[in-house]
Amino acid sequence: MMNEILSQKARTTFLSVLMLASVMVVFFGKTVLGQGPTTHRPLGAGVTAHRGNSSEFPENTIPAFQSAISLGVDWAELDVHTTKDGRLVVLHDVRTGRVGDKDLLVASHTYDELKAVDVATAFRKKHGLTLQQCPPQTIPLLEDVLRLFIGNNQTRISIQPKADCVQSAITIIKKLNMVDRVGFNDGNLAYMSEVKRLAPAIRVFWDRPADSDIAADIRIAKTHGFEALVLQYKGITAEKVQQVKAAGLEIGAWTVNDTEVMKALIGLGVQRLYTDEPQKLMLLHEHPETVFGEGLYMEHLQGTCADETGYAFL
């Protein structure tokens, strides 16, 4: 009798999980990409979606940022270049060839010319997707991405200038009344100093290499009024974390996708983690015992089971 009850309970739980999973998915065009529900956590936890939710959507595209907002991350990070006609566009590289179907130098082309590039091309090929599953994406304007975050009280946006465009970016930020909703991150000291000169209220997360002189970095960051040092994760040690925090600065790490590395850095007290897999990091913050599977979850569950106690697992 007890076995029958447990078996029935397992079946019921299994069906409940399937129903829950169907609610949890979100749509990318007409295609379903697996994604968890929005979670509401206090700002400042430091979960930073690198180039948006770039593990599930083409990096630095509108869908990637929409997904980051839906997930409820603390920050979404993006990269900015200037076009030939002075528009600020969101793209990591100086050329479009790595992600797109055309190889154009951003600074040598107008925005209208750059819009002809499908910057979802590499993502589509990498994951074996069709055009219907992964529709073409154009390079977005910085202003268009920023507008996605207006009125959102959970997720902020961190801007990495890849060219001398800090003043133009801050002009757009002020026009949209978003000074309190943005930050800047980069290793270029001149760019980061200009942010503080033009808009002291905007937070600056100064990116540093793994082998950087942490004492000198702290001294420079304090001089310029930066809020955080973000180190390449392989260079982070317990001693460095303590030094940065003792100086009144936040400590962050870039760019971390491995679960065990995430756990180790959180254990050391790192406050900001840049990752291509923000959902994994958010679950880890909330449920440190979580076991993760790998891969994109397209239009299906990769597996479910229920044990003899009635607990079900995805």
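The structure contains 2 aromatic pairs, where the rings of Phe, Tyr and Trp (its six-membered ring) pair if their centres lie within 6.5 Å. One of these is formed by Trp75 and Phe205, whose centres lie 5.1 Å apart with 80° between the planes. This geometry is edge-to-face (planes under 30 degrees apart count as stacked, over 60 as edge-to-face and the rest as tilted). The pair links distant parts of the chain, 130 residues apart: Trp75 belongs to strand β4 (residues 75-82) and Phe205 to strand β8 (residues 203-208). Trp75 and Phe205 are both buried (under 20% relative accessible area; exposed is over 50% and partly exposed lies in between, with a 1.4 Å probe and protein chains only).

The model is predicted: local features need pLDDT of at least 70 and side-chain atom pairs count only at pLDDT 80 or more, while totals for chains, interfaces and linings use all residues. Residues are numbered from 1 along each chain as its sequence is written, and side-chain values use heavy atoms, with hydrogens and water left out.

Phe205 also meets a charge, as the charged end of Arg272 sits over its ring, 3.7 Å from the centre. Here the criterion is NZ of Lys or CZ of Arg within 6 Å of the ring centre and within 35 degrees of the ring normal. Arg208, in turn, lies over the face of Trp206 at 3.9 Å from the ring centre.

Back in β4, 7 of its 8 residues are buried. Helices (H or I, at least four residues) and strands (E, at least two) are DSSP runs, numbered from the N terminus, and two strands pair if DSSP finds at least two bridges between them. β4 pairs in the parallel sense with strand β3 (residues 47-50) over 3 bridges and with strand β6 (residues 156-161) over 6 bridges. Glu77 is the bridge partner of His50 and also that of Ser158 in β6. Strand β5 (residues 88-90) runs antiparallel to β4, joined by 3 bridges, with Val80 facing Val90 as bridge partner. In this hairpin, 5 residues lie between the strands, and Gly86 takes a positive phi near 80°.

Turning to helix α9 (residues 238-246), Lys240, Val241 and Val244 are buried. Seen down the axis, the buried residues fall within an arc of 100°, so they line one face of the helix; the arc is that of the directions from the helix axis to the C-beta atoms. On the other side, Glu239, Gln242 and Ala246 are exposed. Just after α9, Gly248 takes a positive phi of about 85°.
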